[in-house]
Structure formats: C-alpha cells, structure tokens
Amino acid sequence: MCGIIGYTGNNQAMPVIIKGLKTLEYRGYDSSGIALSDHKNFSVFKSEGKLENLIEKTKNLNNLSETGIGHTRWATHGKTNETNAHPHTSEDGMFTVVHNGIIENAEIIKEALESKGYRFISDTDTEVIPQLLSYHYDGNVPEAMRKTFSSLDGSFAVAILCRNEPGTIYAAKRQSPLVVGKGENENLLASDICALSEHAEVFSYLEDGEFAVIRKDSINFFDSSLKPIEKSFKKITTESSDNSKGNFEHYMLKEIFQQPEKIRNLLKDKIKNKKIFLNEIAELSLDITKAERLYIVACGSAYHAALAGKFAIEEMCRIPVEVDVASEFRYRNPPVSCNTPVIIISQSGETADSIAALRLANSRGAIVIGIVNVLPSTIANESDYVIATKAGREIAVATTKGYSTQVAALYMLALHIAGIKKTLTDKQLEFFTNELIEIPEKIEKILSDSDTIENISEKYKEKKELFFIGRNTDFAAAAEASLKLKEISYINSSAFAAGELKHGTIALIENNTPVVALCSNKQLLKKTLSNIEEAFSRGADILCVCKDKTFCNKNYKTIIIPDCTDIFTPLLEIIPMQLFAYYVAKKRGCDIDMPKNLAKSVTVE
Ligand code: F6R
C-alpha cells in the first residue's frame, strides 16, 4: 500500500506532486507528506489524516522548488500521526525518503545504528532507510544505495532526495511497484502510472533490484551491482476514465449503478454461435480438458468471487476447483503442477499476496490465468493469459463493479471450458449464455428499486452485529455481503453456510438478532428455509433475499430479486446487498468511499 511519487522538471514540483498524490490516495490515506528539494536543504510538510489536510496546510506556500517527492500512507509500523508520516529524513538531514513496502529487519538495523549513536524519532520501519543511507554515504549516493538496499529484508519502492544533489531523485525497488515516466524537460516516478499520465507519455517499470537516477533531462538505470542498464520506455495509454461522482453522492453508489453497463461490456464480443468463447485463452498451452484440477486464488472480495466461480466451473465443466486465500496458498506448499492451472483474480493487479501466489504457481510450472481489472499491472504482466474484467477505474475502496465483473468473467470462463470439454450440450450452453446475457437487465431492475432497500436498511443502522447465511451459491454471495457491510459500516458481521449454523453459531441467536438469509438458490430453498426457521424460532429478526417470497414465513422481511438460473444468482443477490451495506453505512454517517484502516490496493503481505 502507500503511494509514492517524485517529480523533477521545469514546473513547480509541489502542485504536480499534490495532484499525483490525489490519484494515489486509494493506496492509503491515514497521513501524507511531501519533501521539496531547496538548494542545500529540504522543506518537508506532513499531515495526519487525508490528503485534504496536507493541501490545506500547504495552500498558501509558494515553494518554487522544481524537485520533490510525496507520499500517501497506509500505516504498517507505528501509529498514524505526523511523526510517522513520510518523508523520513536522516538525523544529519542528508537524505529524505518516501517508501512503500515493509522493511522486515528494521528493528535489527535500528538497534545496530542506535549503538553507533544514531537517534530515531519515529516508530516506522522506513526511518532506517535514510539513516542507513547517511551511514554509508561518503559522497557517492549510488554506492550508499547499493550498500543500504542489499542489507534490507522485505519489500520496498523508494524515492530518495539527497541534500547535496538538488534536482536529482534516486529510486530503488524490490517487490513493490515503481514506474518511471519520461516527459519533456520533466521526469517522474510513482507507484502507479495513473499518477504520471498528465506529465509523461512513455514509461518504464523498474524490476526488482534495479536503481534509477532521475533528473529533469536524463534518466539512468543501474542493476543491483551498479552496472548501468538500458531499459526501454513504452507508450502506455492509460484508460481515460471519468473520475467524477456524476449525480451520485459517493463513488461507491456510482460504481454500484455502473454494474449493468460493465457486465454488458464484458460479455460483448465473447458470444459466437450463441456460445461464449474467450479469445484470450484460445491458445491455452494446456489442453484444458486434461486439467486435473483448477486452483482459484485471490484475496478479500476477489476470493468471494472465486467462491461463486467454483460452483459454476464444477457444475458446468466437471473439473474439481480449489479456492484459496492467497496469503494461505503462498505458504502451504500446494500440490500445483503443469496439470493444475491456477487462476489468480485481482481487481488492482497489485495485491502482494496474490502476486506471491502467482509466482509460486509459475515456479511449479502451472499455467496462470489472471482475471484482472487494472492493465498494465504486475499480475496482468506476469500471468500467462489474461482475462480483463473491464470494470474501468474503481475509486471507492470497497469493491462493487470490480467484484461483479470478476464473477461474470468466471462464468464466461466456465462456459468457455464447458464448450471445449463438451460437458454441456449445445442446448445447455445456449441456455446458460442467454441467462448470462440477461443478467445486466435484471440488475437494472434491482437498482431501479433502490429506495426499497434504503428503507429496509434504516433499522439496521443501530445494530451491533449481523449474520448472513446461505447455502452453496447463496453462501458465496453471503460472504461478500457480510464483508461489504462490515468494511464500510463498521458493524460486525459474519457469513455462515446456513447448514452450519446449528453446529455452534446458533448459540449467538437471541431475540432480535438480525439474520440476513440469502435463499435464491431454488434447488436448495427448502433446506435453507429450514435453517432460517431454526434461527427464527430462537428469536432472530429475518431478512430474506429470494426470488419468490411465497415460501417464506410472512414474519420475514423480504427483498425479491428477478429469477435466473441458480448458478448465476450471486450476480443478482449481491446487488441489493451492496445497496444495503451502502445505505446502512450512510445512515451511520460513515466515510463510505474511504473507510477507516483500509486501502484500495494491498501491496504488503
Ligand atoms: C473489499 C475489497 C478487498 C479486495 C482485496 C483484493 O471491498 O476491495 O477485499 O477485494 O483486497 O484486492 P484485489 O482484487 O485488488 O487483488
């Protein structure tokens, strides 16, 4: 997480950096800071909280410096206060640094430096970087960098200013992303290309172990032993997206309402002879019919998308699917081989655990299919095949259109494989394809009744906790519904497989305990209704999300969704649940687009 940016050129650095930080704020927003290189000194400004606070603090400054670095933070070490905000400066004032990543051996280095008389002022891991640079510095910055970065464990993308070299930004990278942009009489670097696109047209991504030296009229790259290296710059057109909220109060609401259009757009061009065919994986170097098993690996909501996809792939393709959380998969020695393709799902394409899972799969010879929204991104670049989810830029931290396009992409993949494997007849393929095509219109229908969900949500704003239950596909949607609610409303909630409730959790049900029951899967409706009844008889206050309320006890409140084949129901059920979470959070006065403690792109493990 954390966003870093550096600028040197003919323009005033501060406005460029502030604007860049605004686009990077999705990476963390608990504090921010900027360092400007004045002759023989730095001016450093920091603020706790969102970037607005830094903007307010610096608005009357007319700093003419043309070189500077900036940072927006998601804390990994130390509280979220001004002292711990970046940039961090060495005690002698020689180096100032912004950092994205985690230095895992910071404590040991700190102790060693303290024993030599160095004093530290922050609780961060980052502060060891400028201190160590200063310790190794004898007039040669690259040499000090070589020594410093070779002694660090962990991950970093770092931009460095040295007091003796105003006009130069030094950069280093391991694991965390860093891209350099070349402009006219100005050069920049940042964690994400979107922060550079106004000033640069061609870009070069740093690889692990590489260093960059950036001046307004030159960019030089070195490998870890300081040997100069040539790197090519590519023109990369970033998606020009509409970054306004339009008529919506929050980005999240706008993105919820964009879902029909985004899913429609995803399905476009994929339908041939009334069947789904994915050109992206047409040349798959493995006969997919011979795959022993598929792994789907992801984090958070993308993991919940994988749960929904598992049901579709197993049902339609008759291939066993193992779904795993990336942070577990990477450390559990999974039996992955060239016969077990691995699907990595990621909206951002930069999630550290998912990248590590991808690399593990690669090292075992597995084919990796990335289902990714942000292109280019590390996961897209390193996957053997990429299915782009085309959701467009997602600004709200809690994903909505990112998630639903992932689910839709998995359904397309299931239909593609089923077509090749012939596990479905042509008639069945046509049926499911038509069902999928109809989903966007059905979502529109749900969205047109958002007022009903707003009204229903009213009484939940005071609740301390909620349970979401469901079976099979309903459980996949329940897991995502629960995460949506807790991350933006801060109400504790958990999702359970409905049949599991009686094995322990039912002990928590008492008078008026709110239980949201997802029961749209018609095949399992009776079974789920029995579980709901068990909770109701112990006092639970039930809200059902279903396709047909005639089976529900009339004491239950209901949200009715349009009919569709069971396997695709998560795509419909999640819509009222996203709205439910949104309205509950709104009524509680929460900061919906930037919930506390979160960041949009989780680049640390
Ligand atoms: C929740 C949310 C997160 C992400 C997770 C993975 O609303 O957005 O749980 O789904 O951090 O992120 P990506 O998909 O970027 O790998």
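Where is the place of Pro87? I found Pro87 in the loop between strand 4 (67-73) and strand 5 (88-89), where helices (H or I, at least four residues) and strands (E, at least two) are DSSP runs numbered from the N terminus.

**Entry 1, ground rules.** I am working with a predicted model, in which local features need pLDDT of at least 70 and side-chain atom pairs count only at pLDDT 80 or more, while totals for chains, interfaces and linings use all residues. Residues are numbered from 1 along each chain as its sequence is written, and side-chain values use heavy atoms, with hydrogens and water left out.

I then looked up positive phi values in residues other than glycine. Gln175 has a phi near 70° and is found in the loop between strand 8 (169-174) and strand 9 (179-182). Lys422 has a phi near 60°, and its place is in the loop between helix 12 (401-421) and helix 13 (426-447). Gln175 counts as partly exposed at 47%, whereas Lys422 is exposed at 65%.

I noted that the chain is divided into domain 1 (3-235), domain 2 (244-448) and domain 3 (449-605), with bounds that come from an automatic or database domain assignment. The C-alpha centres of domain 1 and domain 3 lie 43 Å apart, and the contact (heavy atoms within 4.5 Å) takes 13 residues from domain 1 and 11 residues from domain 3.

How many disulfides does the structure hold? I recorded zero disulfides, taking a disulfide as a pair of cysteine sulfur atoms within 2.5 Å. The sulfur of Cys544 is too far for a bond, because the closest cysteine sulfur, in Cys519, is 4.0 Å away. Cys546 is in no disulfide either, and the nearest cysteine sulfur, that of Cys552, is 4.0 Å away. Cys544 counts as buried at 0% relative accessibility, and Cys546 is buried with a relative accessible area of 1%.

A cavity is a set of points where a 1.4 Å probe fits but cannot get out, a pocket is an open set with protein on both sides within 12 Å along at least five of seven lines, and lining residues have an atom within 4 Å of a point. Grid points are joined across faces, edges and corners, and a volume is the space filled by probe spheres set on the points.

By this rule I recorded two cavities of 30 Å³ or more. By class the lining of the largest cavity has two nonpolar, eight polar and two charged residues, where Ala, Val, Leu, Ile, Met, Phe, Trp, Tyr, Cys and Pro count as nonpolar, Asp, Glu, Lys and Arg as charged, and the others, Gly among them, as polar.

The second largest cavity has a volume of about 30 Å³, and among its lining residues are Cys519, Cys546 and Lys547. Its lining divides into three nonpolar, two polar and three charged residues. Lys547 is also in contact with Thr565, which is buried at 16% and is found in the loop between strand 27 (557-560) and helix 17 (569-587).

About 540 Å³ of space lies in the second largest pocket. Of the 27 residues that line this pocket, the closest to its centre are Gly300, Ser301, Ala599, Lys600 and Val602. The lining draws at least three residues from each of domain 2 and domain 3, and divides into 11 nonpolar, 11 polar and five charged residues.

Key:
Buried < 20%, exposed > 50% of the residue type's maximum accessible area, 1.4 Å probe, protein only. 1 Å grid on protein atoms, 1.4 Å probe; cavity = no way out; pocket = protein on both sides within 12 Å on 5 of 7 lines; lining within 4 Å. Lists of a residue's contacts leave out its neighbours within four places in sequence.
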